[in-house]
Structure formats: C-alpha cells, structure tokens
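Thank you all for making time this morning. I would like to walk you through one protein, starting from the overall picture and ending with a single residue.

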Amino acid sequence: MNCCVIALPRFSELGQKIAEAMDADLLPYEEGIFTTAFADYEGIIAVMSAGIAVRSAASLLTDKWHDPGIVVVTPDGKYAIPILGGHHGANDLACRLAEIGIIPVIST
C-alpha cells in the first residue's frame, strides 16, 4: 500500500521512525496536507490526536471505496488506531506498526 506519515512538528522524530519502518513518505503537518495526502496516497498514518486527524479529513471524505485508510498513532507512540478504511487497508497498516512496538487497536 502506498502510504505516508503526517506528523505534527513536535512528533517529527516519531514520524520519521514510522516512515522509515513503513517505507513511507514523511509529510510535516501543515494546512492542506490532508488534501495532498488524499490525492496521492492509499494510506495515511497520522501522528497526532484523533481529533486533529478527523477534523482535517472530514471535508475530504467521499466513500469507503475511494477514501484512503487513516491510522492515528497516539503522540506517545503506544497505539495505532484505524479511524477510516479499516477493511480497506487501515487495519493492516495498524498491524504492521506492531513490528516496531506500536500496539494496534482494531475495532472492526
């Protein structure tokens, strides 16, 4: 899956670690970055609070067949939570993060 990691500046070190482990592009969080990610990637790993990721993605949502999967990694690097597209790749992304010690939290 073609994926990226979007990290808030204060979490850039964790974002870089995840990007390297996942062979993903690292994109610093800034206004409009989710628009770019929705256009270019099948999966998004967001290193930030779930609220920021949800608000950033909400206006971009179309349907489960076209939206990228989104996994939020908690700022402490402990949990990976698929918040969009679980059955379309996000659950698998979260499980892959277990390889670097991040615990997947799968709700579907």
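How many positive and how many negative side chains does the protein have, and how far apart do the centres of the two sets lie? Please keep in mind, as I answer, that what you see is a predicted model. There are 6 positive and 13 negative side chains, and the centres of these two sets are 10 Å apart.

As for overall dimensions, the C-alpha atoms fill a box of roughly 30 × 30 × 25 Å along the principal axes. The radius of gyration is 12 Å, which agrees with the value near 13 Å that a compact globule of 108 residues would have. Of those 108 residues, 44% count as buried, and among the contacts between residues at least 6 apart in sequence, 50% join residues at least 24 apart. The protein exposes about 5,800 Å², and carbon and sulfur atoms supply 52% of that area.

Let me finish with Asn91, which is found in helix H4, spanning residues 90-97. Is Asn91 buried or exposed? Asn91 is buried, because its relative accessible area is 11%, and the cut-off for buried is under 20%. Leaving aside residues up to four places away in sequence, Asn91 touches Pro82, Gly85 and Gly86, and also Ile106 and Thr108.

Technical notes. Residues numbered from 1 in each chain as written. Predicted model: local features only at pLDDT ≥ 70, side-chain atom pairs only at ≥ 80, totals over all residues. Heavy atoms only, no water. Rg over C-alpha atoms; globule rule 2.2 N^0.38 Å. Buried < 20%, exposed > 50% of the residue type's maximum accessible area, 1.4 Å probe, protein only. Contact = heavy atoms within 4.5 Å. Areas by Shrake-Rupley, 256 points an atom, 1.4 Å probe, with all protein chains shown as cover. Lys, Arg positive; Asp, Glu negative; His and termini not counted. Charge placed at Lys NZ, Arg CZ, Asp CG, Glu CD. Helix = DSSP H or I, 4+ residues; strand = E, 2+ residues; numbered from the N terminus.
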